[in-house]
Amino acid sequence: MPPPPPTPPLQQTIYVGPFVFSESSTELDICPHGAIGVATTGTISFIDRDVPAELNNADGARWKAEKGTEWEDARMLVAEEGEFFFPGFVGACWPPSHSATYNTKAASMWDPRRTDTHIHASQYPNAGIFGKSTLMDWLDTYTFPLEASFADLATARRVYARVVARTLAHGTTTAAYHATIHVAATNLLADICVERGQRALVGRVCMDTLSPEYYRDESVEAAVRDSRACIAHVRQLDPRGELVTPVITPRFAPSCTTPCLRALGELHQETGAWCQTHISENAGEIAMVRELFPDSADYASVYDEAGLLTPKTILAHAVHLSEAERKLVKRRKAKVSHCPASNTALTSGCARVRELWDAGITVGLGTDVSGGYSASVLEAARQAIMVSRHVAMTEGDGAKLSTEEVLYLATRGGAEVVGLEDKIGAFEVGMQWDAQLVGLGEVAKGEEGKIGEDGPVDVFGWEQWEERVA
Ligand code: GUN
Ligand code: ZN
């Protein structure tokens with residue numbers, strides 16, 4: 001195969017204004033007067049932390065000259081009053097454009113983008129619809145009928161175009177998507193991600209047992225053949241894997257036979273494609289796994305014995321992992337996607353992020369739409385705080401997660417989950433400019449009674465930076 005054509009250059013740009021990103025899981029780096037120079041490759045070339053105030057009035061010619069002749073013709077983008085840059089929620093900037101999303105009030109900044117490490121794109125129309133169900137009856141009642149409808153490509157196009165637009169609007173620059181069993185619809189999702197400039201892992205769902213007759217793989221061979229077709233499409237679409245990459249997606253152990261899991265494990269090893277699945281979400285599911293796989297010690301071992309537990313594996317939920325399972329996940333360097341909103345909505349339980357971290361496991365955040373009601377990673381971050389407080393009510397304050405910690409999960413943690421920690425999730429020289437512009441709604445004096453179009457967050461002007469970010 002000939003090498004892929006070079007990626008078109010971007011316009012060299014200097015982003016001027018406050019910026020915020022996670023220095024570590026306990027510390028935010030907050031720079032009130034910064035500038036970040038981004039090269040034509042989309043890579044951050046320099047970071048200035050003490051930029052003269054007049055630059056905020058877009059009068060930067062003299063200062064720019066000091067940066068050297070190569071920055072003379074650079075475009076300057078200056079954040080307005082009340083705005084700041086923040087990394088995308090596990091996201092990335094791919095050379096066709098400096099991708100950036102603008103969030104009003106929800107999180108008002110251009111920040112390093114955020115990553116959604118677990119979202120079912122096909123379930124988006126069901127967001128918020130779960131009645132009184134728990135996992136297994138929720139799948140039968142709401143989820144399988146909707147996913148099956150993606151045999152119709154027009155339905156898939158409507159939903160996927162909106163999911164990608166909506167997640168980008170929420171600041172998600174990188175998403176790990178579960179699609180459906182349909183090859184054409186899954187490939188279409190990858191096409192739309194590329195068109196819109198969203199970084200994504202795109203997975204065709206495999207399920208050859210315990211699923212409705214109308215929605216299942218007809219055989220192990222069919223599951224492997226169709227997975228191969230999607231892997232080939234995504235790799236042909238983006239040969240360098242800069243924006244989209246394929247991910248092998250056994251739905252979860254109960255919906256795959258042992259031969260199917262083993263065949264997908266072999267495919268994982270052979271192709272080097274990522275793997276994503278669910279683990280230990282709900283008590284009924286775990287009991288089912290025990291019954292279906294009596295020779296395996298536990299749920300994590302089922303995946304391990306199939307060759308599916310590796311450093312390129314993303315495990316959603318991990319609510320009820322035993323200590324032995326945590327040790328195994330850590331040994332295999334598999335990653336966990338914490339999906340707090342979904343775990344509450346489906347009454348699955350409270351995952352213990354602190355326990356996972358203490359075991360040395362990498363954790364990111366997932367919305368798990370439509371188990372989760374919102375496609376916003378920021379909402380997942382809020383829910384991670386709330387769930388950690390519920391854990392703390394019975395297990396002590398050590399379980400509580402701080403704002404700094406959940407923003408870390410949403411950016412650097414998510415980046416590590418999808419193997420992009422050197423590229424995205426923070427603002428550092430050599431990383432990609434992968435950011436969103438956050439604009440908080442200032443309450444103007446004399447206009448306190450008016451609600452404008454700048455979102456649901458109100459800032460009065462006396463807040464410290466730490467308070468604004470919280
Ligand atoms: N387990 C198997 N399939 C699913 C799904 O679609 N959503 C969630 N939350 N858990 C699952
Ligand atoms: Zn899920």
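Helix 2 (residues 135–148) contributes the most to the shell around ligand 1, with three residues. This is a predicted model. Ligand 1 sits in the largest cavity, one of two cavities of 30 Å³ or more in the structure.

**Ligand 1 and its shell**
- The shell consists of His120, Gln123, Leu135, Trp138, Leu139, Arg251, Phe252, His278, Glu281, His317 and Asp368.
- By class, these residues are four nonpolar, four polar and three charged.

**Polar contacts of ligand 1**
- The side chain of Gln123 places an N or O atom 2.9 Å from an oxygen atom of ligand 1.
- Glu281 has a polar side-chain atom 2.7 Å from a nitrogen atom of ligand 1.
- For His278, a polar side-chain atom lies 3.5 Å from a nitrogen atom of ligand 1.
- Taken alone, ligand 1 exposes 280 Å², and the protein buries 100% of that.

**Largest cavity**
- The largest cavity holds about 80 Å³ of space.
- Its lining includes Leu346, along with His120, Gln123 and Asp368 among others.
- Helix 2 gives the most to this lining, with three residues.
- The lining of the largest cavity has five nonpolar, four polar and three charged residues.

**Second largest cavity**
- About 60 Å³ of space lies in the second largest cavity.
- Val202, Gly203, Arg204, Ser227, Cys230, Ile231, Pro246, Val247, Ile248 and Thr249 form its lining.
- Strand 9 (199–203), helix 5 (220–237) and strand 11 (244–250) supply at least two lining residues each.
- Strand 11 provides the largest share, four residues.
- The lining of the second largest cavity divides into six nonpolar, three polar and one charged residues.

Terms used: Residues numbered from 1 in each chain as written. Chains lettered and ligands numbered in written order. Predicted model: local features only at pLDDT ≥ 70, side-chain atom pairs only at ≥ 80, totals over all residues. Heavy atoms only, no water. Near = heavy atom within 4 Å. Polar contact = N/O pair within 3.5 Å; in protein donor to acceptor, adjacent residues only side chain to side chain. Areas by Shrake-Rupley, 256 points an atom, 1.4 Å probe, with all protein chains shown as cover. 1 Å grid on protein atoms, 1.4 Å probe; cavity = no way out; pocket = protein on both sides within 12 Å on 5 of 7 lines; lining within 4 Å. Sits in = over half its atoms within 2 Å of the grid points. Nonpolar A, V, L, I, M, F, W, Y, C, P; charged D, E, K, R; others polar. Points joined across faces, edges and corners; volume = space filled by probe spheres on them.
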